[in-house]
Amino acid sequence: MQQYWKEYDSSGFYDELMSARGNARLPAKKLVSYLKSLTPEDIAARRMAADATIQAMGVSFTVYTDEGNIDRAWPLDIIPRVIAKKQWDIAEQGLAQRLQALNMFIDDLYHDQKIIKDGIIPEFVLKQSVNYRKECEGVSPAYGVWAHVCGTDLVRAGDGELYVLEDNLRVPSGVSYMLENRSIMKRVFPEVFEQVDIAPIGDYPARLFDTLSALSPRKEKQPIIAVLTPGIFNSAYFEHAFLAQQMGAELVEGSDLVVGDDDCVYMKNIDGLEQVDVIYRRIDDLFLDPEVFHKDSILGVPGLMRAWRAGKVALANAPGAGVADNKVVYAYVPQVIKYYLDQDPIIPNVETFLCYKDSERNYVLNNLDKLVVKPANESGGYGMLVGPHSTKKERETFAALIKANPRNYIAQPTLDLSTAPTLIGKHTPEPRHLDLRPFILQGKDTYVTTGGLTRVAMKKGSLVVNSSQGGGSKDTWIVDTDADKASTDKKISAKKTVKASPSKASNQSQSSQGGA
């Protein structure tokens, strides 16, 4: 492997593990030194061990195609992404700041709409939002929090700084893969975990449970928490089952719940009916309650909105939180932070052009070959144009779409996303572009995962990292370089025997991925 690493070239992009001089960055020094000591046979054995563990644990995700749904084993590259703890501490503050401001923004929109009256955000941005729910007006969730779980996508550009690419506030997914990636990596590289100070991430299910418990309207009792899933055919079902099992919560479908005459929600079981206090819903707003939204929905619970508005049950994330999960609103988040917190954003946005503005739309139309164009409400990498990789016909199509509905499109520069060594072909490390989705919890308290789910584009030169679009993933290591420098310089020796063993936490062999 020594020769492979000598030849490794990130082609001028900022690389997460290797510096421009071809040397490992400080947080990754011990890891890279260890990887260099492995033979191709060692690498092959570890890749096989990881793949076998993924199969045994049933870690999978579903890709929706024109030919039907395809269930695939979760794609994990065994070379992790490494970030220094000092840098992550700043990012953590920025993520908490951002979600606090967004929740204040959502709460304002469903009450006094001061931010619109003060001219910070144009009124039509709200009126034309497909995720604004009039049914939520006047509701005051506990702690003023609407988005209890947020997945914020971060990217690192060529200057080495982190930027927010988008916020996912409706039903963000992917955290189960973050946890399972770590579980697998501990089996593949146990000797590295013994020698490198890698921050743990395993407390997320407990933190999620605490966040949900604090929302319970029955404070005097141990709350009954349920994870509401659309069912086994949903692409994120693996995650729903995983989190319910990890929290000790009930995994339910809409048909398992009923709303009584007292506006309380009850779960059907063999003993009769049991009151449910908190529902972590993994169903989109419009399918939650056929009495209020889609009349033909069989996924939701009739009367659920009535129960929520009456304060008899807590819903996380709250209906209507998606009003801030919009790429046009994203462009205004720096102003949102300044307006509600009187602070500058700790993590900046990517430069964004709003196509509803004449001058910015003209710029976008004249530079489609250089920009990434995104519809305001799509997710998962769908419906966007990557200018430098597009055809003339594709650009003409998007020009027509933008002119027909300029409010629905934004554009951003094509970023020089950072890369990381990724095993391609015959165990050869090659640079591939990636992003990072940390998860933030907010309720009574705020919690940010230490790192997150790193998603990686497996195709050379591609900027599309979504698993649903063929991307892969990496474990994310937050490394305390101060502790690492203070520790022994003992060389990490490779263990020649690597066994695959499924974790007791996850034996479900179901599909997974939603927007991850």
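**Entry 1. Strand β4**

I began with strand β4 (residues 149-156), and I found that eight of its eight residues are buried, so the strand is largely enclosed by the rest of the structure. I take buried as under 20% relative accessible area, exposed as over 50% and partly exposed as in between, with a 1.4 Å probe and protein chains only. Helices (H or I, at least four residues) and strands (E, at least two) are DSSP runs, numbered from the N terminus.

I note that this is a predicted model, in which local features need pLDDT of at least 70 and side-chain atom pairs count only at pLDDT 80 or more, while totals for chains, interfaces and linings use all residues. Residues are numbered from 1 along each chain as its sequence is written, and side-chain values use heavy atoms, with hydrogens and water left out.

I then looked up the two faces of β4. In a regular strand the side chains alternate between the two faces of the sheet. On one side of β4 I listed V149, G151, D153 and V155, and on the other C150, T152, L154 and R156; all of them are buried.

**Entry 2. Partners of β4**

I looked up the pairing next; two strands pair if DSSP finds at least two bridges between them. Strand β19 (residues 439-442) pairs with β4 in the antiparallel sense over three bridges, and I found I440 of β19 opposite C150. Strand β5 (residues 162-168) also runs antiparallel to β4, joined to it by six bridges. There, E166 in β5 is the bridge partner of D153. The hairpin of β4 and β5 has five residues between the strands, and in it G160 takes a positive phi near 85 degrees.

**Entry 3. Salt bridges**

I counted as a salt bridge a side-chain nitrogen of Lys or Arg within 4 Å of a carboxyl oxygen of Asp or Glu. Side chains of opposite charge can pair when their charged atoms come close. The count comes to 26 salt bridges.

K327 lies in helix α12 (residues 327-331) and E166 in strand β5, so the pair ties together parts that are 161 residues apart in sequence. Both E166 and K327 are buried.

I then turned to D153, which is linked with D435, R437 and R455 in a network of salt bridges. R455 counts as buried at 3% relative accessibility, and D435 is buried at 2%.

I also recorded a salt bridge between the side chains of D358 and R361 (2.7 Å, N to O). Both lie in helix α14 (residues 358-366), three residues apart, about one turn of the helix. R361 is buried, with a relative accessible area of 17%.

**Entry 4. The open sheet**

I traced an open sheet of four strands in the order β7-β6-β11-β12, with parallel pairing. Its edge strands, β7 (250-252) and β12 (314-316), each pair on one side only. Strand β6 (residues 225-228) pairs with β7 over three bridges, and L228 stands opposite V252 in β7.

I found helix α10 (residues 237-247) lying across β6, β7 and β11 (278-281), at about 150 degrees to β7. Axes here are lines fitted to C-alpha atoms, for helices over the stretch in contact (heavy atoms within 4.5 Å); angles run from 0 to 180 degrees between N-to-C directions.

I looked up A399 in helix α15 (residues 392-404). It is buried, with a relative accessible area of 14%. Leaving aside its neighbours within four places in sequence, A399 is in contact with L365 and L368. A399 and L365 are 34 residues apart in sequence and 6.2 Å apart in space, C-alpha to C-alpha.

In helix α3 (residues 40-57), I found several buried residues, among them D42, I43 and A44. G58 follows α3, and its phi is positive, near 70 degrees.

**Entry 5. Confidence**

The protein averages 89, and 89% of the residues score at least 70. Over residues 494-516 the pLDDT is below 50, and this stretch has 92 contacts in the model beyond near neighbours in sequence.

Notes. pLDDT is the predictor's confidence in each residue, from 0 to 100.
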